[in-house]
Amino acid sequence: MEFKDYYKVMGVARDATADQIKKAFRQLARKFHPDVSKEANASARMSEINEANAVLSDPERRAAYDAMGQGNRSGENFKPPPDWDAGFEFSGAGPQGMPEGEFSDFFAQMFSQRGRGGPRARPAGSQGAAFRQRGEDHHAKIVLDIEAAWRGAMRQITLRSPELDEQGRMVLKQRTLDVRIPAGVRPGQLIRLAGQGGPGMGGAPAGDLFLDVQIQADARWRVDGRNLVGSVAVAPWEAAMGAVVPVALPDGSTLKVRVPDGAQGGREL
């Protein structure tokens with residue numbers, strides 16, 4: 001997959017303000033919109049411009065793009081780094097909301113099916129002072145080591161959420177939360193933090209924050225549903241005659257495992 005430099009497509013600097021991006025889009029649309037342009041490649045260019053604008057005009061998509069694409073050049077072979085979005089806090093379902101197939105594979109790889117649920121909710125029209133609306137739910141991904149997922153733990157996590165400052169430039173706002181990790185939490189499981197989402201309107205309660213759990217790769221162990229799977233090496237005579245071998249567990253403790261006589265490689269105990 002080729003990396004797309006959306007800033008180059010739009011002709012703006014990486015620290016461009018929201019107004020500068022809006023202005024650049026309008027100028028490019030007047031030049032390349034198929035209804036008015038005489039350029040031979042107008043339709044393809046307009047599609048490219050629309051895609052770039054869909055990312056750079058949205059603070060959350062732009063923050064995700066900046067985090068994942070640092071140091072890459074347009075046209076280079078690109079693969080998103082693992083867990084690139086861990087620690088980012090996104091409103092609603094995350095930086096998505098574009099129909100799959102409308103834009104490039106690069107766009108779909110970054111933004112399709114990110115987060116959970118449907119497109120981000122937008123507040124309905126206010127009905128005066130009586131209008132109330134519960135705050136929007138937020139989502140973030142956290143990556144845990146196997147010991148924390150297995151035994152449970154208290155973790156202090158720092159989340160970053162994108163927003164526009166007074167000059168219209170995107171900045172990352174940070175906050176730190178103490179989170180109790182339940183024992184036996186599994187990949188893809190959501191940890192709900194009540195009232196830690198977006199603020200409510202008209203006195204309505206705040207939304208919730210959902211933490212999407214992922215498990216960090218481990219050299220010895222992997223998670224399979226509710227099971228923890230690892231490998232243990234035994235000497236040929238131990239496999240032939242049977243033995244009791246020590247197995248170091250993720251928390252540092254040791255489990256004694258009886259290997260039956262005549263055990264073959266690949267056997268599960």
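A salt bridge here is a side-chain nitrogen of Lys or Arg within 4 Å of a carboxyl oxygen of Asp or Glu. Keep that cut-off in mind for the first stops. The model is predicted. By this rule it holds 9 salt bridges.

**Stop 1: Asp 58 and Arg 61**

Select Asp 58 and Arg 61. Their closest N and O atoms are 3.7 Å apart, and the two form a salt bridge. Colour the pair by accessibility. Asp 58 has a relative accessible area of 11%, so it is buried. Arg 61 is buried as well, at 8%.

**Stop 2: Asp 208 and Arg 134**

Move to Asp 208 and show Arg 134 with it. This salt bridge has its closest N and O atoms 3.1 Å apart. Asp 208 sits in the loop between β5 (190–193) and β6 (209–215), and Arg 134 in the loop between α5 (105–111) and β2 (138–144), so the pair ties together parts 74 residues apart in sequence. Is Asp 208 buried or exposed? Asp 208 is buried, with a relative accessible area of 7%. Arg 134 is partly exposed, at 39%.

**Stop 3: Arg 155 and Asp 145**

Next, select Arg 155 and Asp 145. Their side chains meet in a salt bridge, at 3.7 Å from N to O. The pair links distant parts of the chain, 10 residues apart: Arg 155 belongs to strand β3 (residues 153–164), while Asp 145 lies in the loop between β2 and α6 (146–151). Arg 155 is partly exposed at 32% relative accessibility. Asp 145 is also partly exposed, at 32%.

Now select Arg 134, Asp 137, Arg 192 and Asp 208 together. Salt bridges with shared partners join these four into one network.

**Stop 4: His 139**

His 139 belongs to strand β2. It is buried, with a relative accessible area of 12%. How far apart are His 139 and Asp 208, in sequence and in space? They are 69 residues apart in sequence, and their C-alpha atoms are 8.5 Å apart.

**Stop 5: the nonpolar cores**

In soluble globular proteins, nonpolar side chains tend to be buried together. The largest nonpolar core in this model has 31 residues. Select Tyr 6, Met 10, Val 12, Ile 49, Leu 56, Tyr 65 and Phe 106; these have the most contacts inside that core. The elements that each give two or more residues to the core are α1 (6–10), α2 (18–32), α3 (42–56), α4 (59–69) and α5. Which of them gives the most? It is α3, with 6 residues.

Centre on Phe 106. Setting aside neighbours within four places in sequence, Phe 106 contacts Met 1, Glu 2, Phe 3, Lys 4, Tyr 6, Tyr 65 and Phe 78.

**Stop 6: α3 against α4**

Finish with the two helices α3 and α4. Two packed helices are described by the angle between their axes and the distance between the axes. The axes of α3 and α4 come within 6 Å and cross at roughly 100°. That makes α3 roughly perpendicular to α4. Show the side chains where they meet. Ala 54, Val 55 and Leu 56 from α3 touch Arg 61, Arg 62 and Tyr 65 from α4. By class, this contact has 4 nonpolar, no polar and 2 charged residues.

Note on methods
Residues numbered from 1 in each chain as written. Predicted model: local features only at pLDDT ≥ 70, side-chain atom pairs only at ≥ 80, totals over all residues. Heavy atoms only, no water. Buried < 20%, exposed > 50% of the residue type's maximum accessible area, 1.4 Å probe, protein only. Helix = DSSP H or I, 4+ residues; strand = E, 2+ residues; numbered from the N terminus. Core = buried A, V, L, I, M, F, W, Y, C linked by side-chain atoms within 4.5 Å. Contact = heavy atoms within 4.5 Å. Axes fitted to C-alpha atoms, helices over the stretch in contact; angles between N-to-C directions. Parallel < 35°, antiparallel > 145°, perpendicular 65-115°, else oblique. Nonpolar A, V, L, I, M, F, W, Y, C, P; charged D, E, K, R; others polar.
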